[in-house]
Amino acid sequence: MHTNRESRLVPQPPRLTPKDNRTPTSADRPGRDILTLSMQLSDVYLGMGQDAFERLVRSVSIGRLKTFQMYEGFKVRAHLPKVNTELLRKSVPKFWARLEARDEDFGRDLAQAILVSHLEMIVAILDFLGVPHENGFFAKDMDPKPYLSEGWEERVYQKFRESFPEPLLVFYVNHLRWELLGATELYRPASPSAV
C-alpha cells in the first residue's frame, strides 16, 4: 500500500511530444502517478474540444429531462435558475470551466442529460453490439464487457457516423469506455471530421 508521500516518488509518465497526436489524458497532467491512470469523465469532454462540447450541450432535450424526472436535479447541479435552450447555450463557457476544474459530479449529471436526450442512438448502438439492455439502460448486475470486443469502438463509429452527429457518437463511445472499461485514454476515430 502506498501512502501519498510514496506515490509522489513514483515517476511521472512521459509528457506528450508535439509529434504525438494522441489526446492527452488525465495521466499527462501534473500530480498524477502511475497508480491513478484511469481517465475521468471530464477528460472525455475536454479531450473532444470546446466546439464539440458546445454541440453536446446544445443537444440536451428539456422534454427528455422532464420525462425522466431529471429536470430539477440537473437545474440544481448546473447552477441554473431554469433550464432552457438559451440558458444552456449561454452557460457553455461556465460548464467548460467547471470541467476544467474537474467537477466530476457535474460531468456525470451533464452526461446523463446528454445521453437521455439521445436514447434512440444508445438503443441502436447497444443492439448493434448485442448488449442486453432495456430501452438503453443496463440491468444493475449485467456485465456488458464481454460484448465490447477489441475494435468495437471503430465498428460502432463506422456503422453510425452517417446516422448521428459525430460529437455525440464519439462522446457515447468514450462514455462507455470510461464507465465500463476504465479506459486510460480518449478514443478518437481513425478519420475524424467534426471532433
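**Figure 1. Helix 2 packs against helix 10 in this predicted model.** The axes of helix 2 and helix 10 come within 10 Å and cross at roughly 155 degrees. That makes the two helices roughly antiparallel (angles over 145 degrees count as roughly antiparallel, under 35 as roughly parallel, 65 to 115 as roughly perpendicular and the rest as oblique). Axes here are lines fitted to C-alpha atoms, for helices over the stretch in contact, and angles run from 0 to 180 degrees between N-to-C directions. Helix 2 makes the contact through Leu-41, Val-44, Tyr-45 and Met-48. Helix 10 brings Pro-167, Val-170, Phe-171, Asn-174, His-175 and Trp-178. Contact means heavy atoms within 4.5 Å.

**Figure 2. Helix 8 meets helix 10.** Helix 8 covers residues 119-129. Its axis and that of helix 10 come within 11 Å and cross at roughly 55 degrees. The two helices are therefore oblique to each other. Their crossing is right-handed. Met-121, Ile-122, Ile-125 and Leu-126 of helix 8 make the contact with Leu-168, Leu-169 and Tyr-172 of helix 10.

**Figure 3. Helix 3 has a buried face.** Helix 3 spans residues 50-58. Ala-52, Phe-53, Leu-56 and Val-57 are buried there (under 20% relative accessible area with a 1.4 Å probe, protein chains only; exposed is over 50% and partly exposed lies in between). Seen down the helix axis, the buried residues fall within an arc of 140 degrees, so they line one face of helix 3. The arc is taken from the directions from the helix axis to the C-beta atoms. Their cover includes helix 2 (41-48), helix 6 (85-100), helix 7 (104-116) and helix 10 (166-181).

**Figure 4. The chain has 10 helices and 0 strands.** Helices (H or I, at least four residues) and strands (E, at least two) are DSSP runs, numbered from the N terminus. Of the 195 residues, 44% are buried. Among contacts with a separation of 6 or more, 62% join residues 24 or more positions apart. The accessible surface comes to about 11000 Å², with 51% belonging to carbon and sulfur atoms (Shrake-Rupley method, 1.4 Å probe).

**Notes.** Residues are numbered from 1 along each chain as its sequence is written, and side-chain values use heavy atoms, without hydrogens and water. In this predicted model, local features need pLDDT of at least 70 and side-chain atom pairs count only at pLDDT 80 or more, while totals for chains, interfaces and linings use all residues.

Key:
A crossing is left-handed if the near helix is turned anticlockwise from the far one by less than a right angle, and right-handed if clockwise.
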